[in-house]
Amino acid sequence: MRRIAPRFTAAALTTLSALLCTAFPAAGAAPIPALPVIVHELLAPPLLPSQITRKTPARVVVNMTVEEVEHEIAPGTRYTFWTFGGTVPGKMIRVREGDTVEINLKNLSSNKLPHNIDLHAVSGPGGGAGQTLIAPGNQASFSFKALLPGLYVYHCATAPVGMHVANGMYGMILVEPKEGMSRVDKEYYVMQGDFYTNGGYRAGGLQGFDMQKAIDEKPTYVLFNGADGALTGSGALSAKAGDKVRMFYGVGGPNLTSSFHIIGTIFDKVYFEGGSHFQENVQTTLVPAGGSAILEFTPQVPGNLTLVDHSLTRAFNKGAVGLMAITGPERLDIYGKGIKTALAPAGTPVAASKPAPVVVGDAARANGKTVFEATCAACHLADGKGVAGVFPPLANSDFFQQRPYEMAYIVLHGRTGEIVVNGEHFNSVMPAQDLNDEQVADVINYVSTALNGGKPVLTAEQVRQMRKTKPN
Ligand code: HEC
Ligand SMILES: [Cu+2]
């Protein structure tokens with residue numbers, strides 16, 4: 001700690017002399033016009049400050065406080081994050097090329113460790129890390145000129161740096177080009193990070209940091225915006241079909257490179273590596289640890305888009321999933337509804353005409369209701385609405401409605417793992433149900449007709465065929 005105090009004094013002196021220089025320019029020199037001072041607005045991710053309309057440079061003052069805080073990393077699992085301003089990632093800084101940025105960093109006296117900030121937008125050794133290294137109970141001030149436009153990561157660079165970053169100490173600073181950025185309808189701010197806890201994925205309680213897992217680069221969690229489910233459920237992003245959406249995407253790391261993909265859209269433009277050039281019509285973009293990309297896309301049809309790291313077990317087994325709910329009119333010319341029919345059982349001649357619609361008699365209908373009440377209602381509840389976070393809804397379930405035929409597999413073979421129903425995340429176990437072919441067909445037809453406003457979808461014969469196939 002003793003090393004730190006003199007640095008702080010030096011930084012304070014530098015600021016003081018800088019102030020004196022601006023106040024009293026050398027005799028004979030033309031007075032430098034003082035830049036207008038703007039105190040930077042800070043918003044919690046996935047939000048960010050709005051586009052800059054200013055045409056002239058300013059001195060932008062950014063007040064940031066390092067906070068060591070305990071938050072949920074997953075439902076029922078807590079973790080002590082080290083943060084810039086209480087959020088992971090830290091709040092987005094947005095300035096204009098040519099601005100002078102003044103970072104005022106506070107390290108709360110209730111914190112336990114020294115911290116600092118290294119901004120990749122800085123031209124100079126350490127990116128500000130030396131000027132801002134402070135023990136708890138201190139503050140530091142540091143200014144730099146944002147010379148080059150781009151989307152840059154900032155992070156804590158205090159030893160052990162990997163640990164400070166793994167605990168959430170990163171964010172981004174956008175330096176808009178002098179001429180500004182094109183207008184869009186929506187902007188979002190998302191960062192991926194890898195987290196290393198003592199317990200396994202979603203082990204409950206308060207979890208500690210596991211240095212060995214970090215060194216081995218074997219994260220327990222790979223997350224968007226610092227929590228499992230930060231961008232699903234009530235945290236899901238939103239846009240309207242036809243909106244131009246811009247996403248500022250970065251990777252804090254400390255270790256993993258992200259294969260960033262949004263299921264259900266194509267990026268019109270990717271300013272890869274956060275620089276000035278763009279690639280067009282991109283499916284997946286590679287974003288390095290400590291790097292970024294600016295993504296632009298236009299959702300076309302209503303429904304959920306899914307953000308993933310396309311290294312897919314990170315998405316489905318470590319948390320790297322987010323949702324963007326799109327509203328708007330259907331466009332069947334762009335995105336058809338699809339038709340699914342059962343194949344003829346092996347060995348029998350293929351029927352020449354399309355299969356007859358499934359007809360359900362009164363007895364079968366009543367039987368479906370009976371099976372539902374006796375078996376399914378125990379978990380999915382009598383009204384089929386499910387239990388938040390535990391049992392997904394069967395009534396008005398988008399998951400069910402999108403593939404009603406496949407639901408018999410779930411009843412026959414059970415289901416486990418991540419599942420998203422109506423934008424809500426579930427990760428639990430449904431045991432295989434001990435029912436005969438009629439009962440399975442009847443209950444699925446009951447769920448389809450009575451709880452989802454659909455048609456009957458299955459016959460007992462189809463269920464008999466399905467019994468032979470394991471779900472994939
Ligand atoms: C012991 C509790 C339990 C019972 C009984 C049960 N389920 Fe489930 N069900 C679950 C769980 C838990 C999930 C989510 C599994 C996951 O996370 O992968 C699920 C998921 C589903 C899904 C897919 C998600 C959705 O909401 O659309 C369907 C369909 C489904 N169950 C149908 C049924 C039917 C039909 C029955 C009765 C025959 C039934 N379940 C009985 C617990 C149960
Ligand atoms: Cu730190």
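1. Ground rules. This is a predicted model, where local features need pLDDT of at least 70, side-chain atom pairs count only at pLDDT 80 or more, and totals for chains, interfaces and linings use all residues. Residues are numbered from 1 along each chain as its sequence is written, while chains are lettered from A and ligands numbered from 1 in the order in which they are written.

2. The overall picture. The protein has ten helices and 23 strands (DSSP runs numbered from the N terminus, with helices being H or I of at least four residues and strands E of at least two). Its C-alpha trace spans about 100 × 45 × 35 Å along the principal axes. Of the 472 residues, 39% are buried (20 or more other C-beta atoms within 10 Å of the residue's own; 12 or fewer is exposed, in between is partly exposed, and C-beta atoms are placed from the backbone). Among contacts with a separation of 6 or more, 70% come from residues 24 or more positions apart (a contact has C-beta atoms, placed from the backbone, within 7 Å).

3. Thr 306 has Leu 323 in E21 as its bridge partner. The open sheet around them runs E13-E21-E20-E15-E18, with mixed pairing. E13 (237–240) and E18 (284–287) are the edge strands, each with a single partner, so one side of each has no neighbour in the sheet. From one strand to the next, the twist averages 20°.

4. E13 pairs with E21 in the parallel sense, over four bridges, and Ser 238 has Ala 325 in E21 as its bridge partner. Leu 237 and Ala 239 make up the covered face of E13, whereas Ser 238 and Lys 240 make up the uncovered one. In a regular strand, side chains alternate between the two faces of the sheet.

5. Strand E10. Nine of the ten residues of E10 (residues 186–195) are buried, so this strand is largely enclosed by the rest of the structure. E10 runs parallel to E14 (residues 245–253), joined by eight bridges, and pairs in the antiparallel sense with E12 (residues 221–224) over four bridges.

6. Helices H6 and H9. H6 (residues 362–380) and H9 (residues 437–451) pack at about 90°, their axes 7 Å apart (axes are lines fitted to C-alpha atoms, for helices over the stretch in contact, and angles run from 0 to 180 degrees between N-to-C directions). That makes H6 roughly perpendicular to H9 (65 to 115 degrees). Residues that meet here include Phe 372 and Cys 376 in H6, and Tyr 446 and Val 447 in H9.

7. Around ligand 1. Which residues come nearest to ligand 1? Of the 29 around it, they are Cys 376, Cys 379, Pro 392, Ser 397 and Met 430 (near means a C-beta atom, placed from the backbone, within 6 Å). H6, H7 (398–402), H8 (407–413), E22 (415–421), E23 (424–430) and H9 each supply at least two residues of the shell.

Notes:
Angles under 35 degrees count as roughly parallel, over 145 as roughly antiparallel, 65 to 115 as roughly perpendicular and the rest as oblique. Two residues are in contact if their C-beta atoms, placed from the backbone, lie within 7 Å. Two strands pair if DSSP finds at least two bridges between them.
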